[in-house]
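Dear colleague,

Please find the structure below, handed over for your use. My findings follow it.

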Amino acid sequence: MLRLRAVCPFSWRMFQFRPYSCEPLISQMNKCTDEEQLFDLIEKNKAILSEKQLGCGFNILWQFQKQKTSSLKNVECIRNHPQFLTLLNLTTSKMEFLKDSTLVNVLYITQKFAVEAHDPLVEALVTEAWRRMERFDIDVLSKFSSCLADQHLYFSPLMGKIADIVNRNLEAIQDLRSLSVLMVSISSLISQRFQEQLVNKTELLFDSIDSSQVIIARRIVQFLRNIKYSYYPLLERCNKVFLSNANHLDLESISKILTLYHSLQFHSFEFIIMAKKRLTEMIPLFSQPASFVKLFVALGPLAGPEEKKQLKSTILLMSEELTSQQALAVMGAMEEMESRNSHLIKRIASILHKNLDNYKPVELLKITQALIFLHFRSKELFVKLQELLLSYLKISVIPSEICILVCAISMLPSPHLDEAGISRIEAVLPQCDLSDLNSFATSVLRWIEYDHMYLDSNTGKQLKLLQKLDHYAHQRLQNCSDLNLLWEELRSLKGDWFADSLLEETVATLQRLMDEINYINVIHPFAVLAVILPFSILNYDPPQRDEFFGTCIQHLNSYLGLLDPLKLVFLGFSLATLQYFPEDLLKAIFNIKFLARLDSQLELLCSSLNMRVQFRLMELNRAVCLECPEYQIPWFHDRFCQQQYNKDISSMNGAQQQIYKMLAEVLGGINFVKASVLTPYYHTIGFECILDKRKKPLPYESHNITLGKLPEMHWESNTQIVGSRLPPGAERIALEFLDPRAFCRNIPHLKGKSAMKKRHLEILGYRVIQIPLFEWNSMALSTKDARMDYLREHIFGEGKS
């Protein structure tokens, strides 16, 4: 025995000091039921813990953590526990012996326990992983990239190295789960060509994943959002995964998907309906502000009246407990909901006011927009907002941030920008994209309008700034060499400045980049509306019109049951303005099942969009009835039109009264002209008169009209044609005075809606005289006599009498 001890001293020591149980340590770890048991084992065995046992310890801690409900509190307890620090120190000492997967897994778990990025262990783990990275398999590499993303190292050389590894090995990668993680992590620094390769690879691998893999589909949508690419084939496939797993989607998943879809401008009626149902079921489940605010933000814009009432009353009760960020989220949701609950608005505004100093510039912009949209008035709050925005503006050097600050300042009740502010804008103009330049211009135009009202003397400086904005925007367009980048900068522009100043340069740029247009970025069923819309609005036929529209409809036919109802209505209306009426599309819209789906979706829309959709459906219904009676689609909008047009009856303005007097004089008396006439199918006409076959005006029955008041409208059946009730040879004349919005910019070409109205009036038996207001108000017609002659010429076909 003594000889044995002498020969094998190491083995003897191990036998003497082995753990108190003969059972292997990893098995003991796996049997632990809480952290304290595990930490007790670590304390008793810290002198002999192997790298494998250390990895196991971290894994078990993380499994316990995932089961916790109050996770944040538990994270802090674990992170500060002495034996957790022991684990960190032991891991640091055994770093080089850790397996690749263990190394990255330990890094992942330490970050989940909120260990700081500058902690020695985290720094050592990242450095060691960087050294080994070339040999990592795809699963380990994806987890490492996720760790770097958690440290916000999206643009680091290390992330660039990962992107390079993925690029070199893309053909060999067959695991979409790991690839989807990598795609999200590296999305900020890859080229457009690499983006397209990743999209193609994802399509190839998509069928290899289980249909229950919601997390993979969500990452794919996140990647598309990150690269700002609404690639419909992939979005559609991901959407099917979400829908097939609807019962398993939690609040976090639904909220995230809704946000991603909104960013990508991807609309799925089926997903919205499902999300509303699932979220409504969750209302009773959440009583804590953090979770209920998330529910309020996700469900509020989709909810019906009863659900909205319930959400608002609950959030009002919780309002005293809301953090600054939760209050901001609630205010943003109330803006989307078009809320008019003054008590709730006041309560949330009070929280925002108390925390204004803690908000970032972009958050201050959101607050400003929401408060103004919701008609909240507080001089004290707006003064504080202005002070904060101006103070940020004095120190900011980031173009996008300066743009945000200037935009917010311009929205305030008394906008003001001094010379220093103007200089700050001028300094960053060379770095701005078209979206920023447009935002600056919109803000400057607001100031000019405000200063003009209050006779301020700053207008000259602001006009010079506008000229500089024009210059840099022209320069940006001339240097643009990427159609996708141009589209990204143009897609969300608002206001008139860009169209007024840069239309020709933009068209020239688009013509120069025409070769970049291909079937991938144009013809998909979800994109057809965007393709047709410009032709519809501007009233231009595309080359090879019938073949072009035929191709679009061919792509659509198999999707008629899948497209959002409101998109289908807008599409049908756009085609109708171009006198194109595909029978399959119209029969898909005008049937009871579709209209029921549309009604369901209208309940989810804000009031302004809801009304717009209803008007478009009415206008499409009218166009089909008038231009395609052979389809035998019934007119069913009488009640809707009566409700709407009853609201619109008002007094004539001064210009209308002047024209009314002139027409009465030209035609021979007030009884020979009607103002604000309502036609069958509810088109409105500015003025109407009737000429007999000898072109002599025919009188109407006595109007008993007081100048300035419109005649009372008598509702008649809208199925009769007006002209059928005229004497033989007589003609009914409609006079329309069209403002510049009825024409394409800078040329007298009638836009689609105005051209369609002219067609409809002619079908109804009118001779239509459309008089542009820019012509009526021109120097050539600056006297009453000139205008009288102008009216005579258009009505009777004669000049001076």
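**Cysteines, cores and a buried serine**

C56 counts as buried, because its relative accessibility is 12%. Please note that the model is a predicted one. The sulfur of C56 lies 9.0 Å from the closest cysteine sulfur, which belongs to C32, and this is too far for a bond. C625 is likewise a buried residue, at 12% relative accessibility. For the sulfur of C625 the closest cysteine sulfur is that of C628, at 9.7 Å, again too far for a bond. A search covering the whole structure returns 0 disulfides.

Nonpolar side chains tend to be buried together in soluble globular proteins. Here the largest nonpolar core holds 214 residues, and the members that touch the most others are F144 and V166. Another core lies apart from that one; it has 27 residues, including M662, V673, F737 and I795. When residues up to four places away in sequence are not counted, V166 touches L141, I173, L179, L182, I186, F194 and L198.

The last item concerns a serine. S145 sits in helix α10, which spans residues 138-150. Is S145 buried or exposed? S145 counts as buried, because its relative accessibility is 0%. Its side chain reaches the backbone oxygen of S142 at 2.7 Å. Beyond its neighbours within four places in sequence, S145 is in contact with M159, I162, V181, L182 and S185.

Yours sincerely

Technical notes: Residues numbered from 1 in each chain as written. Predicted model: local features only at pLDDT ≥ 70, side-chain atom pairs only at ≥ 80, totals over all residues. Heavy atoms only, no water. Disulfide = S-S within 2.5 Å. Buried < 20%, exposed > 50% of the residue type's maximum accessible area, 1.4 Å probe, protein only. Core = buried A, V, L, I, M, F, W, Y, C linked by side-chain atoms within 4.5 Å. Contact = heavy atoms within 4.5 Å. Helix = DSSP H or I, 4+ residues; strand = E, 2+ residues; numbered from the N terminus. Polar contact = N/O pair within 3.5 Å; in protein donor to acceptor, adjacent residues only side chain to side chain.
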